[in-house]
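Here are some notes to read alongside the model.

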Amino acid sequence: MELSFLGSSRLKISVSRSTILAGLVILALVAAIPFAVWEFIHTGELYILSHRFIDDMVARLHGPGRLRFILQPTVAIALGARDGVKDARAGNPPFLWGLLFRSGERSRLVRSALASVRDLVAVAILLDVASQLIIFRMVHPGAALLLGPVLIAFPYSTSRALTNRLLRSRSGSVSVNQEARGTN
């Protein structure tokens, strides 16, 4: 898309899927904020710290959109396995180990994880907003920001770490067997 300002120069604006998804997430959450503030003022309790949040979680598991509780973690596991293979081939430590114990690599690991799952997290948040509207006829932005990423983060990070560890242990045993036979 090209825009010209005052007819003199042309400015190229690139619109990607990630940009559109991020815009939709921001729009949906900003639109839900007034209701959340109104509810907090009238009830005196923050939704994500209330008993209703736990009860609503159970309702989400049985209501419309419950298939996402299977599909989103499955996609996150696949993305984590893909990135775990890349880590193993590059000789990087398992993802969780690097996050916890290698502060020098922490920012690189977080950036690579966010690059892999940012669209999936955006879709997870949008699906949570939609399911809240359908099931509860209201949207709690804090719950959408919490539940969407949780469905992605845990499966992704464990899959990435376990895939890396598995491939590195298998390649270690292969090279030991090759050395024992005298072939490299």
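How many salt bridges does a search of the whole structure find? The search finds nine, a salt bridge being a side-chain nitrogen of Lys or Arg within 4 Å of a carboxyl oxygen of Asp or Glu.

1. A word on the basis of these notes. This is a predicted model, in which local features need pLDDT of at least 70 and side-chain atom pairs count only at pLDDT 80 or more, while totals for chains, interfaces and linings use all residues. Residues are numbered from 1 along each chain as its sequence is written, and side-chain values use heavy atoms, with hydrogens and water left out.

2. Please look at Asp 119 and Arg 17, whose side chains form a salt bridge at 3.1 Å, N to O. Asp 119 belongs to helix H5 (residues 103-136) and Arg 17 to helix H1 (residues 17-43), so this pair ties together parts 102 residues apart in sequence. Helices here are DSSP runs (H or I, at least four residues), numbered from the N terminus. Asp 119 is buried at 18% relative accessible area, whereas Arg 17 is exposed at 62%; buried means under 20% and exposed over 50%, with a 1.4 Å probe and protein chains only.

3. Helix H3 (residues 68-90) deserves a look too. Its Asp 83 and Lys 86 are three residues apart, about one helical turn, and their side chains meet in a salt bridge of 3.9 Å, N to O. Asp 83 is buried, with a relative accessible area of 5%.

4. Asp 87 forms a salt bridge with Arg 160, at 2.7 Å, N to O. This pair links distant parts of the chain, since Arg 160 sits in helix H6 (residues 141-181) and Asp 87 in helix H3, 73 residues apart. Arg 160 is buried at 2% relative accessible area, and Asp 87 is buried at 4%. Elsewhere, salt bridges that share partners bring Glu 39, Glu 45 and Arg 52 into one network.

5. Now to helix H2 (residues 51-62), where Phe 53, Asp 56, Met 57 and Arg 60 are buried. Why do they count as being on the same side of H2? They cover an arc of only 115 degrees around the axis, taken from the directions from the helix axis to the C-beta atoms. The face turned away from this buried side carries the exposed residues His 51 and His 62.

6. The structure holds four aromatic pairs (rings of Phe, Tyr and Trp, the last by its six-membered ring, with centres within 6.5 Å; planes under 30 degrees apart are stacked, over 60 edge-to-face, the rest tilted). Tyr 47 and Phe 53 have ring centres 5.6 Å apart and planes at 85 degrees, so they are edge-to-face. Tyr 47 is buried at 6% relative accessible area, and Phe 53 at 9%.

7. Finally, what does His 140 touch, not counting residues up to four places away in sequence? His 140 touches Phe 35, Glu 39, Tyr 47, Arg 52 and Gln 132, contact meaning heavy atoms within 4.5 Å. This histidine lies in the loop between H5 and H6 and is buried at 3% relative accessibility.

Key:
Helices (H or I, at least four residues) and strands (E, at least two) are DSSP runs, numbered from the N terminus.
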